[in-house]
Amino acid sequence: MSKTPAAVDHRAIEQEIRRELAQVTDRTQAMTRAVEILKARVPDYTWVGIYELFGNELVLGPFIGKPSPHTHIPLGRGICGAAAAEKATIVVDDVNADPRYLACSLEALSEIVVPIMRGCDVLGEIDIDSDRLAAFGPDDRRLLEVVAAVLSEKM
Ligand code: SME
């Protein structure tokens with residue numbers, strides 16, 4: 001029998017992050033709290049991190065999960081670099097079927113990357129891996145796009 005994923009209340013998580021980040025003015029603290037809450041509330045989120053864009057390079061900031069070999073990613077490389085270059089959310093249901101994928105761990109099976117934008121500029125991105133195939137649905141995308149918008153005000 002396949003395991004049923006635990007129910008996740010995306011709206012409640014959104015409200016919790018809005019509430020928590022309203023108190024925070026420091027950029028690193030804002031990113032760290034967002035990562036902590038997302039990782040704690042959603043069992044499918046195996047690896048949660050935020051990259052910041054400096055020049056043409058994404059640099060890994062706060063994260064929870066196994067250390068990634070990809071702490072610096074040029075624009076256009078990997079799924080992270082593609083999302084930043086395209087300025088659009090990318091959802092990959094099966095990372096092993098996507099030639100762009102830069103492996104972070106052998107267990108990761110699906111990934112979502114959501115750019116953090118200010119106007120037309122990319123400030124960074126939220127990157128989440130799951131050990132489950134196709135773990136990211138419309139509720140995850142919506143939640144993470146809201147979190148990216150909240151974070152953009154702090155960065
Ligand atoms: N998988 C990403 C690299 C970052 S690790 O997942 C943390 C990519 O393909 O860009």
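In the predicted model, the sulfur of Cys104 lies 8.7 Å from the closest cysteine sulfur, that of Cys80, and this distance is too far for a bond. A disulfide would require a pair of cysteine sulfur atoms within 2.5 Å. By this criterion, the count of disulfides is zero. The surroundings of two cysteines were also examined. Cys104 has a relative accessible area of 17% and is therefore buried, a class that is limited to values under 20%. Cys120, in contrast, has a relative accessible area of 61% and is therefore exposed, since the exposed class begins over 50%.

The secondary structure of the protein consists of four helices and six strands. Read from the N terminus, these elements follow the order α-α-β-β-β-α-β-β-β-α.

The overall dimensions were considered next. Along the principal axes, the C-alpha atoms occupy a box of roughly 45 × 35 × 25 Å. Of the 155 residues, 49% are buried. Among contacts with a separation of 6 or more, 52% involve residues 24 or more positions apart.

The protein exposes about 7,800 Å², of which 52% is supplied by carbon and sulfur atoms. There are 17 positive and 24 negative side chains in the protein, and the centres of these two sets are 4 Å apart.

Methods
Residues numbered from 1 in each chain as written. Predicted model: local features only at pLDDT ≥ 70, side-chain atom pairs only at ≥ 80, totals over all residues. Heavy atoms only, no water. Helix = DSSP H or I, 4+ residues; strand = E, 2+ residues; numbered from the N terminus. Buried < 20%, exposed > 50% of the residue type's maximum accessible area, 1.4 Å probe, protein only. Contact = heavy atoms within 4.5 Å. Areas by Shrake-Rupley, 256 points an atom, 1.4 Å probe, with all protein chains shown as cover. Lys, Arg positive; Asp, Glu negative; His and termini not counted. Charge placed at Lys NZ, Arg CZ, Asp CG, Glu CD.
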